[in-house]
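Me: I am new to this structure and would like to go through it step by step. Could you show it to me?
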There are 2 protein chains.
Amino acid sequence: MSPRRVTLADVAKAAGVSRTTASLVLSGRGRELRISQDVEQRVLRAAERLQYRPNIVSVGLRTGTSRTIGFVSDTVATSRLAGDMIKGALEAARDRGFMLFIGETEGDAELERLLLQAMQDRQVDGLILASMFTRTIKVPKAITAVPAVLLNALPEQPTPLPAVLPDEVEAGRTAARALLDAGHREGIYLIGAGPGLRDVPRESVAAVERLIGIREALGAAGVEVAGARTCPDWQPEHGFAATRDLLGAIRPRALICFNDRIAMGAYQALDDAGLAVPGDVSVVSFDDHPIASWIRPKLTSVALPHDELGRRAVDVLFTEIGRDHAGPDRVGEVHRVPMHLRSRESITPPPGVESAG
Amino acid sequence: MSPRRVTLADVAKAAGVSRTTASLVLSGRGRELRISQDVEQRVLRAAERLQYRPNIVSVGLRTGTSRTIGFVSDTVATSRLAGDMIKGALEAARDRGFMLFIGETEGDAELERLLLQAMQDRQVDGLILASMFTRTIKVPKAITAVPAVLLNALPEQPTPLPAVLPDEVEAGRTAARALLDAGHREGIYLIGAGPGLRDVPRESVAAVERLIGIREALGAAGVEVAGARTCPDWQPEHGFAATRDLLGAIRPRALICFNDRIAMGAYQALDDAGLAVPGDVSVVSFDDHPIASWIRPKLTSVALPHDELGRRAVDVLFTEIGRDHAGPDRVGEVHRVPMHLRSRESITPPPGVESAG
DNA sequence: GTTCGTTGCTAAATCGGGTTAGCGCCCGTA
DNA sequence: TACGGGCGCTAACCCGATTTAGCAACGAAC
């Protein structure tokens, strides 16, 4: 297909100078090293004419860098979150002239080891270890020579690696306040986790933290959680089952669903029970999954800042790369990215309460 | 963080031999070149002890390869399709010891040019140009020295590049047959495109091809499309509007929705009109988006083979890489990946017809 | 006329592997 | 003792760019 790549030697030859001179001119150091105008022009023109582009691999060999970072996640595809996180990371990396290697471990530790090695063999300048749902992970020992950042994950053991996560506690407060602001004081039920801090899906950091935030904000207003139903997995069918079960016993005024898929199931159960959203029951949720604006009435949700998480991970990674040598005793900082309320149509004041603040 | 990478020279030194000898042993050519057992063992043990791993960058410099392919798409995040396509590509690449660079152009030609250059500067062995919805694209001139494959896209002008796409025409036939097999003969309406081949969203290959397949399969059974409503964009709200409009005029027996998001809107409009799915109206759709199994009744849909598309693109790319030199006049083959019906709960025989097929 | 300084450029080493060509030693044979 | 040949290993070069050290030519100063 191609007549070989143009190299620095080609440019030098075409300009009638040595490789050294060509290199100096092209790296902009020609002036300070007193290369004559004439030679400078000849080199620049030759490079232009031949469409010369430096071979990054070669530079990488010398400098040990590759202008590349590795993004390793447990799953790329599972949720839309993944794509948006990658998108944010991609943009932040691009701004710095870096490319992204993508790798997927599927939760397999051996695969993860191989992948991390393959990336380090390719001289990546840094690694992002991402999880697709917020949880605690074992930091693999295979990371040896390279700065790294945890994304959407906390280390099981203390490590010097920084972590970037959504601010789930504040998100919990935000969801609770959305109901409080509308005037709700009673009949607030949780679907997905709670009411106790132990009533959460295994490994889920998000569940615990959201719950803490919810209870804190309600408590500060002197409001009690009226009750809760847990879901083994945060899927629509479990949200449906949990809500149907709840409606068999009582009639809530408001639901805080732990994510949008659960909320979708809750909508279905409320519909079956002849209850209208938000007329009879207000609903607030988390994640701001696309379906939040597809279901009717459109769902008010506290958005996961997907892009921003990816972007921040790259930013933090770069400060990490800039840092000389991490003291071995350093404990990684935890960076929290705010989650914002997307107000839509699923919350109204309870009957008999005028629209509040 | 690290005490420098272990190089071949370190291993050679530790084993008390030359770099050449160490290289021969480690590349398995020691036997044929009569390296003694003793030396072989010394080298292998030193490599093991020092945890030696060859630096791929260095090899790449010599051979001009990088065991890396570039995956450039217009959008990574928009749909779940993206993630799954990448996942399939990732797996196929991993099987061959290759890594994937990911890049996103956001439809910006200049960004695309820069990205392709950045990837070629990093010596990628091949490129995948992906589109997130099936359409025709301009093949950028920036691809010069590297084998490439189009994924989910057709070239506007004939090119030597092969393309990998879902078999949308057959998918159209499959959707139509699903209704025919249930006994439907009348009152079949289309939502999203049609009835004419020009009544499609701009640039959408999928729309045209699905329509062709639908009309062909219905026609073969002597059945006419009863009518259609187009949607400017295939989103739930447009599906809702189009269906509501249709229901204002007539009462359909079956709907073929052009994708699942449209079908979701159609469900809402049918519900508003007091029509039950599938009791009053059967619905079949395309894509098999996650929501297809979240909405009630669960939606029968012809699945886009996301993973398989990504995998096939990598496979085709490798045969392309293996090919010596593409004749300049060669026209790229088009590979079609089958789309399969996911039968769920949204189709029943029309009133008065016993279960057929 | 020697020494020093400046100017303008280049040879050679470097990064980490792979590869080609060939060196030194030992053994057998004449 | 001299020569030929196989054995076991290594020196040296290559890939493409950067960088260090230094060379040649010329002018000025003593």
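Me: Which element gives the largest share of the surface near DNA strand D?
Reply: Helix 2 of chain A does, with five residues. A residue is near a strand if its C-beta atom, placed from the backbone, lies within 6 Å of it; helices (H or I, at least four residues) and strands (E, at least two) are DSSP runs, numbered from the N terminus. This is a predicted model, in which local features need pLDDT of at least 70 and side-chain atom pairs count only at pLDDT 80 or more, while totals for chains, interfaces and linings use all residues. Residues are numbered from 1 along each chain as its sequence is written, and chains are lettered from A and ligands numbered from 1 in the order in which they are written.
Me: Which residues come nearest to DNA strand D?
Reply: Of the 27 residues around DNA strand D, these are Thr7(A), Leu8(A), Ser18(B), Thr20(B) and Thr21(B).
Me: And which come nearest to DNA strand C?
Reply: Ser18(A), Thr20(A), Thr21(A), Ser36(A) and Leu8(B) do, out of 25 residues around DNA strand C. Helix 2 (19-26) and helix 4 (56-63) of chain A, and likewise helix 2 (19-26) and helix 4 (56-63) of chain B, each supply at least two residues of that surface.
Me: Changing topic, what is the strand order in the open sheet of chain A?
Reply: The order of its six strands is 7-6-8-9-10-12, with mixed pairing. Two strands pair if DSSP finds at least two bridges between them.
Me: Which strands are at the edges?
Reply: Strand 7 (227-230) and strand 12 (340-342) of chain A are the edge strands, each pairing on one side only.
Me: How do strand 9 and strand 10 of chain A pair?
Reply: Strand 9 (residues 282-287) and strand 10 (residues 300-303) of chain A pair in the parallel sense over four bridges.
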